[in-house]
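Q: Could we go through this model together? I would like to begin with its aromatic residues.

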Amino acid sequence: MFAGLCVRAFSFWRPPAESPQDAPKLAYVDPLFRRRLSQVSRMTIEVVRRVKDDAPQAHIVFASYRGEIARQVKINRGLVDDFAILPAQFSLSVFNTPPAAATIALGMKNGYTAVYPAERSFYGAFIAAAAPVLAGDEPQVIFVYADERIPDEYAPILDDAERAATPLAFAAVLSAARPDGIPVPESVRTMTAEQFLSYLLERGTPAGTDA
């Protein structure tokens, strides 16, 4: 096992296979704020909401392979069609939009970090989140992974792994090892995000319900 580290609580959200574009309704979020949110931002808010009571003062570390990819397509289309970028689209297209939106929607004030897992290295993002806990600098961290549906415009250039990818978000409260936590295995070094979530689901019960 990954010595000294465990998952104290976790949550996840994914749309049904027949409706991959679906997103959490977020009835608890202000409607004017909610209507501007993408699928990846909505999923991020929901999974963080489900675990935040287990780590109310924790820093968030967010990781995503694709970020706000659907919004980026809209921006690219605007450049091609109109030679212009709408400010509202651009301001919500940056990589750290999902964790920023979560802290605003949920009133969390302990900050966040956005990490890009280069070369699809889930472990690279995971260890960046776990490092403060392993070093003893933070008692716990909320690690969030989220990726939204890949827009149809990308279909001709997707590789097999990307074609098989489905929208998914999960949040895991990483803390120092404790008897009631799920130990982190050494095999996390070679896991994908989905494999890590499957490992958690085999060993624990996710927090929260759909919203």
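**Aromatic cluster and helix packing**

A: In this predicted model, one aromatic cluster is formed by Tyr65, Phe122, Phe126, Phe143, Tyr145, Phe170 and Phe196.

Q: How many aromatic pairs does the count come to?
A: The count comes to 11 aromatic pairs. Phe122 and Tyr145 form one that is edge-to-face, with 6.3 Å centre to centre and 80° between the planes.

Q: Where do Phe122 and Tyr145 sit in the chain?
A: Phe122 is in helix H6 (residues 122-134) and Tyr145 in strand S4 (residues 140-147). The pair links distant parts of the chain, 23 residues apart.

Q: And is Phe122 buried or exposed?
A: Phe122 counts as buried, because its relative accessibility is 2%. Tyr145, at 7% relative accessibility, also counts as buried.

Q: What about the rings of Phe126 and Phe143?
A: Their centres are 5.8 Å apart and their planes are at 85°, so this pair is edge-to-face. Phe126 lies in helix H6 and Phe143 in strand S4, so the pair ties together parts 17 residues apart in sequence. Both Phe126 and Phe143 are buried.

Q: Changing topic: at what angle do H2 and H5 pack?
A: Helix H2 (residues 39-51) and helix H5 (residues 97-106) pack at about 50°, their axes 8 Å apart. That angle makes H2 oblique to H5, and the crossing is right-handed.

Q: Which residues make the contact?
A: H2 contributes Val40, Ser41, Thr44, Ile45, Val48 and Arg49, while H5 contributes Thr97, Pro98, Pro99, Ala101, Ala102, Ala105 and Leu106.

Q: How do the residues of that contact divide?
A: The contact of H2 with H5 has 9 nonpolar, 3 polar and 1 charged.

Technical notes:
Residues are numbered from 1 along each chain as its sequence is written. This is a predicted model: local features need pLDDT of at least 70, side-chain atom pairs count only at pLDDT 80 or more; totals for chains, interfaces and linings use all residues. Side-chain values use heavy atoms; hydrogens and water are left out. Axes are lines fitted to C-alpha atoms, for helices over the stretch in contact, and angles run from 0 to 180 degrees between N-to-C directions. Helices (H or I, at least four residues) and strands (E, at least two) are DSSP runs, numbered from the N terminus. Angles under 35 degrees count as roughly parallel, over 145 as roughly antiparallel, 65 to 115 as roughly perpendicular and the rest as oblique. A crossing is left-handed if the near helix is turned anticlockwise from the far one by less than a right angle, and right-handed if clockwise. Contact means heavy atoms within 4.5 Å. Ala, Val, Leu, Ile, Met, Phe, Trp, Tyr, Cys and Pro count as nonpolar, Asp, Glu, Lys and Arg as charged, and the others, Gly among them, as polar. Rings of Phe, Tyr and Trp (its six-membered ring) pair if their centres lie within 6.5 Å; planes under 30 degrees apart count as stacked, over 60 as edge-to-face and the rest as tilted. Buried means under 20% relative accessible area, exposed over 50%, partly exposed in between (1.4 Å probe, protein chains only).
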